[in-house]
Amino acid sequence: MGENKLVDGEKPEQGETAGLRSELKQRHMTLIALGGVIGAGLFVGSGVVIQETGPAAIISFVLAGGLVILVMRMLGEMAVARPSAGSFYEYARLALGPWGGFTIGWLYWYFWVNVVALEAVAGATQIHAWLPGVPLWAISLGLMLLLTAVNMFSVKSFGEFEYWFSSIKVAAISVFLILGLVFVVGLWPGAHADVGNLTAHEGFAPHGIGPVLTSVIPAVGFFTGAEIAALAAAESKEPGRNVARATRSVVLRVLLFYVGSIFLVVAIVPWNDGSITDGPYISALQHIGIPYAGTLMRILVLVAVLSSLNAGLYSASRIVFALTRHRDAPSGLTKLSRRGVPQRAILLATVLGYVSVVFAYVSPDTVFSFIVHSYGAVALFVYLLVALSQLRLRRRLEREDPGALTLKMWGYPYLSWFTVAAMALVILTMAVLPSTRLDFGTSLLTLLTVLGAYGVIRLRRRAADGPAPTPPSGGPRPTPLPGPAGPPADSQRPPVPAREQ
């Protein structure tokens, strides 16, 4: 297949986002990017990493955070050069071909509908501790309905909810960093400067270097969500400028919030303390002597869960909306409400959530367990495709539209290839390790299912459309990419979504 050529065409934000409202502001974009990486995985799941790795978990989070930051920079470069509804779906399609767009789009959709399902159950579990008389399924259903209504109303309501959810999470982490630092340096009443826990219990890496490297796998999963800022850019007033700011803000703060807070946890609490697995931040606050630490963290975890649920519904619906542009999803999903919201796409994103809520209680050890494991490596597949897309799209942009590269990937092409190799290594490691082999196997099955679906759909289209016309001499003409200005040709004009009356 010949390479696409950059030509003058419509601004992507005018054609590719037709019908969507530009109601997200810079404050929304920044907090969406930050909130996307501060989830229940940090507050709860990081305890498992600490137990398996020891204080060297700090290194695991540095490595994982570095990889995600590189992917975000690559995504930021493409998003600024070509702001687009569907973001990396469009970039993968332009760079890798139709199969790349179809695959990354549906994999990303599947990832987030799983997150919606799991977070609905997790949120219900938190609330059930306060309301033991209310059935778990009823609480899960209530949370799903609440956040579905928020997303169905308008993109601004999504942005406001996510802004305040993320603000609470950022504020909580900031307070923890201050309290933990005051305690560690000995300024807390009754405390003295001491970081002995970093090496006092069988050393900094008590289980060796192996677990430090393998713990990068779950740590990368905790960071997933930062890319939502690029997806949401199409519904902001200045997509290129906003996504550039959002991706820059993530870099330092991700390292500060994750690496800084994990450092303080292992400095305050012995890594082999059993309370760490129940909640590392609760354990650290209890060691400091903060009253009601457990209740406070339970509230914070609930906020993190609701934020992920909210973001999951948004992300899944917008990626499906983008998929409809090239007939990679049913055209009926393009219909928008009067407020410019793809309500049918949102409802589709909730389907697996409702099904999973049922199976979580009817068949937790079989069906629900499979759903949990079937997306373990999906985010890594998506990130790998993003990196490959940037490599190919960057070459074309440099050759044909260098002025669009106002935000560039660092150290291109070396850091880009390093990111690809590192992601591939993490995926291969998942396939080898007994603890992650099931996640890899079921996620691979998910990938093969998506690729198989693409193959079937392509064969049906060929049968319906008839044989392709014979190309003129000189080979097939490249499909033009949308450029920075000018009206598109009719054949390149994207369909305008219909509106529900």
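Helices here are DSSP runs of H or I with at least four residues, strands are runs of E with at least two, and both are numbered from the N terminus. With that set, Ala172 sits in helix H8, residues 155–184.

Two notes on the source. This is a predicted model, where local features need pLDDT of at least 70, side-chain atom pairs count only at pLDDT 80 or more, and totals for chains, interfaces and linings use all residues. Residues are numbered from 1 along each chain as its sequence is written, and side-chain values use heavy atoms, leaving out hydrogens and water.

Back to Ala172. It counts as partly exposed, at 24% relative accessibility. The scale is this: buried is under 20% relative accessible area, exposed is over 50%, and partly exposed is in between, with a 1.4 Å probe and protein chains only. Ala172 and Leu300 are 128 residues apart in sequence, yet 7.7 Å apart in space, C-alpha to C-alpha.

Now helix H4. H4 covers residues 57–81, 25 residues in total. From first C-alpha to last, H4 reaches 36 Å, close to the 36 Å expected at 1.5 Å a residue. That expected span is 1.5 Å times one less than the number of residues. How many residues of H4 are buried? The count is 21 of the 25, so H4 is largely enclosed by the rest of the structure.

H4 and helix H9, residues 209–214, each supply at least two of the patch residues. Take Ile209, in H9. Ile209 is exposed, at 60% relative accessible area.

Next, charges. A salt bridge is a side-chain nitrogen of Lys or Arg within 4 Å of a carboxyl oxygen of Asp or Glu. The whole structure has 7.

One: Arg394 with Glu77, at 2.7 Å, N to O. Arg394 is in helix H18, residues 378–400, and Glu77 is in H4, so the pair ties together parts 317 residues apart in sequence. Both Arg394 and Glu77 are buried.

Two: Asp401 with Arg82, closest N and O atoms 2.8 Å apart. Asp401 is in the loop between H18 and helix H19 (414–432), Arg82 is in the loop between H4 and helix H5 (88–96), and the two are 319 residues apart. Asp401 and Arg82 are both buried.

Arg325 is in the loop between helix H15 (293–323) and helix H16 (343–362), with Glu90 in H5, 235 residues apart. Arg325 is buried, as is Glu90. There is also a network: salt bridges with shared partners join Glu77, Arg394 and Glu398.

Is Gln390 buried or exposed? Buried, at 0% relative accessibility. Contact here means heavy atoms within 4.5 Å. Beyond its neighbours within four places in sequence, Gln390 contacts Met74, Glu77, Met78, Met409, Tyr412 and Ser416. Gln390 and Met74 lie 316 residues apart in sequence, but 6.1 Å apart in space, C-alpha to C-alpha.
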